Amino acid sequence: MIVHHAWGTQTGPSDEFRRWRGSKSRATMHRMESRCLKRIQNLIFPPLCVFCSTPCPGNCCCNRCSAILPWNTPACPRCATPLTAAVEGDGDCAACRAQPPVFTAALSPLKYEFPVDMAIKSMKFRRNLYYLPVFSELVLPALQTHLQDADGLVPVPLHRWRQALRGFNQALELARLISQRSGLPIAKNVLRVRATKTQSGLTADERKQNLRNAFEVAGGLAFRRPVIVDDVMTTGETCNQLARTLLSAGAERVYVLTIARAEHADLMPAGEP
Ligand SMILES: [Zn+2]
Ligand SMILES: [Zn+2]
């Protein structure tokens, strides 16, 4: 390649540049090029807030939207169900005290309310995956603050037929982004071996029956303290059944991390109507 400069003509990259490039591995060069391209792209097309479309360089959820998102506080420390301020500090919710879940703790930083519910449905059913990086940013602090001894991620698996129909598994895509930022590995050998009916519209007993033997760990589980990752937790039964499978496969304790927690009548804390 011949490069014409005001001060003369140069053939190919300079020796100095070659020496500098030689000291970098191919992967490092690729990362630096990607970062550089991303910066140029951000200058030409600044990222927009996924909720209100105003330009917001950085995490793509502007400060104004972040301030009014339905944050899930206070919440039950065991199952993440939203609690009223009156029962904050009383520990686990009434449902957990009556029948504790199999998992040790669940974290859902947001409530499944507008605009989070709309964004999750849009992501899941209309493949608007641009919400995923924002959601991964929103859940990451909960993982880093409260689940410091976690050693791996287990995205809730979809049955292969459902995954083929949808084209992707939102839990796996979310786990990939969390893994990139946290360094936690993802389990590849946790499978949904039974095609189950959707949980909505089923009674508590039917949900349990529906999920019985639904999951399987092929070979051994590589983690002692895995974190189940999913988009929404409703009754917690899916996570409970998966946690049971992980404990049988050798986990010492199991955590749950989801973007949002739906309020469910069966899980209302004591004193709630
Ligand atoms: Zn916004
Ligand atoms: Zn609870």
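Helices (H or I, at least four residues) and strands (E, at least two) are DSSP runs, numbered from the N terminus. This is a predicted model, where local features need pLDDT of at least 70, side-chain atom pairs count only at pLDDT 80 or more, and totals for chains, interfaces and linings use all residues. Residues are numbered from 1 along each chain as its sequence is written, while chains are lettered from A and ligands numbered from 1 in the order in which they are written.

**Exercise 1.** Now work out which strands pair with β8, and how they run.

*Solution.* Strands pair if DSSP finds at least two bridges between them.
- Step 1: β5 (residues 152–155) runs parallel to β8, with four bridges joining them. Here Val-154 sits opposite Ile-228 of β8.
- Step 2: β9 (residues 255–261) is also parallel to β8, over six bridges. Ile-228 has Val-256 as its bridge partner in β9.
- Step 3: from β8 the chain goes through helix α10 (residues 237–248) to β9, a right-handed β-α-β crossover (with the strands pointing away from the viewer, the path from the first strand over the helix to the second runs clockwise).

**Exercise 2.** Compare the burial of β8 with that of Asn-213: buried or exposed?

*Solution.* Count other C-beta atoms, placed from the backbone, within 10 Å of a residue's own: 20 or more is buried, 12 or fewer exposed, in between partly exposed.
- Step 1: in β8 (residues 226–233), eight of eight residues are buried.
- Step 2: Asn-213 lies in the loop between α9 (204–211) and β7 (215–217). Asn-213 counts as exposed because it has 10 C-beta neighbours inside 10 Å.
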